[in-house]
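Thanks for coming. I will take a few minutes on aromatic rings, and please keep the structure open while I talk.

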Amino acid sequence: MTQNIIWFKDLGKNDVDIVGGKNASLGEMISKLTKAGIRVPNGFATTAEAFRSFIAHNDLEKRINDELNELDVDDVDALQKSGARIRQWVIDSPLQDDLQQDITSAWEDMNASGRDELSVAVRSSATAEDLPDASFAGQQETYLNVRGIDAVLYHIKQVFASLYNDRAISYRVHQNFVHSEVALSAGIQHMVGSDKGTSGVMFTLDTESGFRDVVFITASYGLGETVVQGSVNPDEFYVHKKTLSADRYAILNRKLGSKAIKMIYSEELNETTKIVPVDPAMQQQFSLTDVQLHELAYRAVIIEKHYRRPMDIEWAIDGDGLLYIVQARPETVMSRQNVHVTERYKLNQSGEVLIRGRAIGKKIGAGNARVIENLNEMDQVQTGDVLVTDMTDPDWEPVMKRAAAIITNRGGRTCHAAIIARELGIPAIVGCGNATEIIKEGQAVTASCAEGDEGLVYRDLLDFDIETSTDLKMPHLDNKMMINVGNPSRAFDFTSIPNNGVGLARLEFIINNSIGIHPKALLEFNQQEPDIQAEIVKRIAGYSDPVTFYVNKLVEGISTIVAAFSPKQVIVRMSDFKSNEYANMVGGPRYEPDEENPMIGFRGASRYISEDFRACFELECRALKTVYDDMGLTNLTIMIPFVRTLEEAETIIRLLAENGLKRGENGLKIIMMCEIPANAILAEEFLEFFDGFSIGSNDMTQLTLGLDRDSGLISHLFYEQDPAVKKLLQGVIATCLKHNKYIGICGQGPSDYPEFALWLVEQGIDSISLTPDSVVQTWQYLGEKQGK
């Protein structure tokens, strides 16, 4: 240790003023977390004092301050000229002798073998960086695979100059930091050989909703700069912390990225790294194994617990499979949001979807598209434009705040540009593939990040609302208020809505949107026509075989919802597709009958117990058993839909038990959807087989009144509060109360008519499950009526 350099092992998290946030954090992990299994490449840091001495030694301080004091950072052209001028002053200035000598001495200690082959990363670490309230993500430069002392000294000066990158100058102004009070430290760190492995970024929360119970991991092949810079569409994974801590299988979700390119070491004299294409076969595989995902998440939780806050962590796995942490900084957006204020964006109309990508944030932005090919054109972006480009990196920060939304061809949800977009509160849709080709210059578009983790770009300017709620302290009711959750990608976000659990999670949404293939076509893959086989192969990329794909996708969707709301009850209804709906799936027409009225045809329990469909039913059972038994998510309750007869009820319970889902075993509860008049008339008898009912008021109404709710000719007669319907419901509720069995309702009626919900409460119903957008209003209405 000298005045100019300090070894990482001698640093801690309180040394930000000495070596900047990044290097202080590296030192903290080496000194405090090595024994906990956190492996961090060693190295040393130049000090902030060394940087200030360098500036003073070369009489740069006044020149730089004068230049910056006269600069308007919103004038992009002036910013580019001033930044370039200052950086050249720094590059043209020599390092002071004592600093150069100390760096050389430390380098020789690192390179004990004396070989020039030692490869290091030269990283920037500013004293205003990686702070809890400002990330400064990607504002300064990092150089990888630097070899030899001459190259190290050269790149240290490049790092010093990068304190005056255009984006860094602009970011400091927008974050209200004084330029002259920020100094730079260079970190010289052993390289991790992930050019032959995998690397990426992980957050210890969901970056879009702020949900704290997951680790969100992005990964791609090669060095991590492609993920960080947003030049690649990485794989994405979610791991559940509570399940992980119980030493169980904890992977909730995985999405395959294109991973078209990777960064590797270069052997050329004039470059340290290079970009090469990824083998197409490897693109179709996930870049991390289940074991690696669990190891990464486990390390992330250790780091989060140590720092006592959500963290943004960069990691790398070398060619030998060893995992290293190369950076860790506080997450700066979701963890600082005001938990007492809820803001929700909602489209008021539908439209034509032009393109899809990964959603950043939960907002909606609309405006005229500004298609930008390169940085030199970014001054064309005007306030309110929708910026469309190949990829953004932090260099775009000076104009990002002008945009109503950002749309890119490439990039993932953990890249630096995504972090900056979140900090600025701008919706972004990244990784769209060919947005710059599909969206035309000047075209009116709406970018929606408010419909799950998939971002949608619509043609034209669509109308949308912003609903803001403050301090949602809900009254205590005599009944539970649950919500209906169909889309697993909205589950984390919906946990912020007041709720007592999930009263209806339908497998149909998962099968339709995440799978889209008839299960028998997957079971009988070898019997399909070549075009169907080709489509199936395309959709199941990343999974070992068609059946594994189907089961794992069900597991992912179910476990995401159940884990999100744990330990609250989540009622998952097994699939209730009708024959016409199954026929619309890939491979479906081959297996489905052409029914005159599918609404009362081959559906529900009748389908499960038929020899023709039973193998498909068993796949659903396998997925549910994995979630309940293997993952330990025992807040799951299974619901069986459309059970016509007592014989069907008995058979279903027997088949579930044969597939490892035995009612009562390990506390498993199985309830029935009460939606047929026969269910109400024989409620006592049906309850012998089930732990309760959830009333499906839509089907109950149409079957009681003898109408087809899809028919426009008689739709005006559809009324869930019809006296005949209410009389049946009264009997069902009374019977469940008599036998101390669960009784809830998950139909549309209580969502649309709060007075209907009140009537149900007066009858003694246990729970009412509503659509997410109606639960708060109905809850408050019931509280007022109950005098709560």
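**Aromatic pairs and charges over rings**

Both Phe 286 and Tyr 543 are buried, where buried means under 20% relative accessible area, exposed over 50% and partly exposed in between, with a 1.4 Å probe and protein chains only. Before going on: this is a predicted model, so local features need pLDDT of at least 70, side-chain atom pairs count only at pLDDT 80 or more, and totals for chains, interfaces and linings use all residues. Residues are numbered from 1 along each chain as its sequence is written, and side-chain values use heavy atoms, with hydrogens and water left out.

Rings of Phe, Tyr and Trp (its six-membered ring) pair if their centres lie within 6.5 Å; planes under 30 degrees apart are stacked, over 60 edge-to-face, the rest tilted. That rule gives 15 aromatic pairs. Phe 286 and Tyr 543 are edge-to-face, because their ring centres are 5.6 Å apart and their planes at 90°. Phe 286 is in the loop between helices H10 (280-283) and H11 (290-307), and Tyr 543 in the loop between H18 (530-539) and H19 (546-565), so the pair ties together parts 257 residues apart in sequence. Helices here are DSSP runs (H or I, at least four residues), numbered from the N terminus.

Next, Phe 756 and Trp 759 are stacked, at 6.1 Å centre to centre with 20° between the planes. Both are buried.

Ring pairs also link Phe 211, Phe 216, Tyr 238 and Phe 492 into a cluster.

Last, charges over rings: NZ of Lys or CZ of Arg within 6 Å of the ring centre and within 35 degrees of the ring normal. Arg 254 lies over the face of Phe 286, at 5.7 Å from the ring centre. Arg 63 lies over Trp 89 at 4.3 Å.

Methods:
Helix = DSSP H or I, 4+ residues; strand = E, 2+ residues; numbered from the N terminus.
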